[in-house]
Amino acid sequence: MEHDPLVDLPGGDNFHDVTALFEDAAEDMQPGALVLTDGFTLLDAMSSFEIGEPRFDSGLALLDKSKPSFNPLAPLTPEEVCWIIDRSVSCEMEWHSGYTLSQTIYSFLYVHSLKEIDPDLVPGGSLPRSDSLRPPELITVVLRAALLGLLKCCDLSWRELNKGNVYDAEDWQSEKCDVPLSEALPVKYICKALDEACRWLETSAKVQQPWKTMLMNRLVFRKSLIVLFETQLSQPHSGLLPTMINLSLQLLQPIMTITPSEPAPDSPARLAFDPQFPRVIVSYIPLHVLQLPDQAHTWTLLEGLLTSLKNVNDLANTTELTTWEVAGHLQLWCPRPHSRLPYVRSITQSAFWDGVLVLNKFALKHVVVQFFRETLDISYDAFTQNIVTRWKGPAPPPLVQIERTMTQILIANIKSLWYNPPRRRRFCAKSLFDWHELFSVFMDVCVRLAPLQDQEKLDHVRRARVAVLMYRLSVIREVILSGFQLSLYTNEERVFAYWYVVQVLEMHLSCIDQLMPGMSSDSNAYFELSYQSQFLTALQSLSIAVFIITVKQTTFSWRRTRLNFLRRYKWAFMPEYEDSDLQPFGHPNFTKFATACESMQKDKQFSLDGIAVAIEVLSCLLTSPDGWAGRWSEERKKFVQKLLDVCIDLQRQLPSTEQALTTWDAKTLKWDADVHPWFPIISGFPPVPSR
């Protein structure tokens, strides 16, 4: 019988539909459940993938057999050695950027050949034949010293990163894959090797200019990095750090200016880097091939790291907590290029608190003392004395609990400014309950205090309670606005976020209004609160305008919007709040939002005057006293100017009447965190240049 492919099926056509049978069998199963036969587990199922299967076995070594094998003793010219050293720095900086050691440092094959290029271990007859242009000492002395310096820098950085300030597999990759990073070699030994390599270059006639100077520059620069990283690790508050950082930056400049050219395609120098080689290393995660960036990017990244360390040193010598907060918020909201490397963020947190002392010289009480001085312009002793003299409770006042709780919250809050943005947002959301508990303690204390005999005197305890609430509201504001920077919100969620931040800012401004009366008008605390009042007023006015424009252009599915609301703001509905006698302030209310949306959509009066108010306030803010900003006052003004530019663009391009709004395309609103972290721009219209 002739086979008909359109009719005949392999195995015949006597099939029966068993879908109902499987549905009946699975009726009592939970989502995600599995049914396995006796003796057959999920591990057995996953083990059915054979070792050596390229799609699943990350350890399968499919090395390129077409190119020559790597010979660590292959003769190299001075220019090739210089190029190799530069590209090894690229590997180092890519690891600092968050890639694994396997993809970066370990793809530099000389890392695995340290014994082969050790001059004391190389047999006399094993060196390949070389000529006068390719002396073997370039490998066994110069390149080996540079390699040891590279590994020691990675080791010192690894130790700093491993302190726990930043998170493994999230901010950086710690896995060493059983490959040493010169941990056992002391810094003095490696510095001596670098000095000997410089001495050989200086006295040898085998290397000519300009390569002699270029190689020495790189070795001296590497030595400066080793000394700097070791000092940062062991003495983060050393007075020598500014000199060390400036020296490293100075040594980097000639290296950035003159770089070696690319080796020829058949040069043995190109074999020193193999992006496929990490596949033969024991690793717990599958790794993709990483292509190193161009050398200019590497030098810019390294320069950014050193410049950031200068800023950390400035912060380490700053005792004011508010200044730390200003600097931390600025680097979160508008980070400088290459300024948020995990190493820098870890060093910053270590400089603030090393687990024992604050700023390496203050007891933990320092953060509480500074809180009262910088926020309320009073001493902590005056606050405690006020409680003791007015206390009416049956038990002693909870001063120890207040001090301990405030210390924990304030230290954690400042350190979190140097977390990665998603983790910072999660931390803020979780910390809100801690702030609420602290506020509840202050409320209980106020209830048990005798009234002031002199009604004209300031009630420091009630003012402190308002200050705690103000801090909690600022954290809520951060949670809301960070959602824009992280691109978390849908169109409906953006509308709610702008409405909600307006409500929070109203309460925050009310707190400031309660704190400013009675303060000395020439104190930094007064100047800072005045600055915050103006800034938040502008922020609120602009948020109102963006809410108006977005709510009129959005069609709501209220069921979906409510579900998104419960998911996005689940931190406000934690069961812990139910155990508290005090209702939390500043939490979102979906019913009020829905009412506001319906009222706004029915309202035919259309006005974006809030943008004009924001422009006026921000313009005045550029000339206001700096408060506690300190050295970061200019950076804060740049951020204000950036927000002012966004306001001017929106005022220039948004529709000005209700009729114009009906024909305006809302899709032209674009939220781009690189332009501004919180507010949109109009696509197709570049922002006005900053003045």
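**Entry 1: cysteines**

A disulfide here is a pair of cysteine sulfur atoms within 2.5 Å. I am working on a predicted model, where local features need pLDDT of at least 70 and side-chain atom pairs count only at pLDDT 80 or more, while totals for chains, interfaces and linings use all residues. Residues are numbered from 1 along each chain as its sequence is written, and side-chain values use heavy atoms, with hydrogens and water left out.

I looked for disulfides and found 0. I then checked burial (buried means under 20% relative accessible area, exposed over 50%, partly exposed in between, with a 1.4 Å probe and protein chains only). C91 is buried at 0% relative accessibility, and C154 is buried at 0% as well.

**Entry 2: helix 10**

I took helices as DSSP runs (H or I, at least four residues; strands are E, at least two), numbered from the N terminus.

**Entry 3: the largest pocket**

I used a 1 Å grid over the protein atoms alone: a pocket is an open set of points with protein on both sides within 12 Å along at least five of seven lines, the probe is 1.4 Å, and lining residues have an atom within 4 Å of a point. The largest pocket has a volume of about 480 Å³, counted as the space filled by probe spheres set on the points. Of its 24 lining residues, N311, Q331, R336, S339 and E635 are the closest to the centre. Helix 8 (295–316), helix 9 (321–333), helix 10 and helix 21 (633–653) each give two or more residues to the lining. Helix 8 has the largest share, with 6 residues.

**Entry 4: backbone in the loops**

I found a cis peptide bond from Q209 to P210, with omega near 5°. P210 sits in the loop between helix 5 (187–203) and helix 6 (211–234).

I placed L359 in the loop between helix 10 and helix 11 (365–376), where it is buried with a relative accessible area of 2%.
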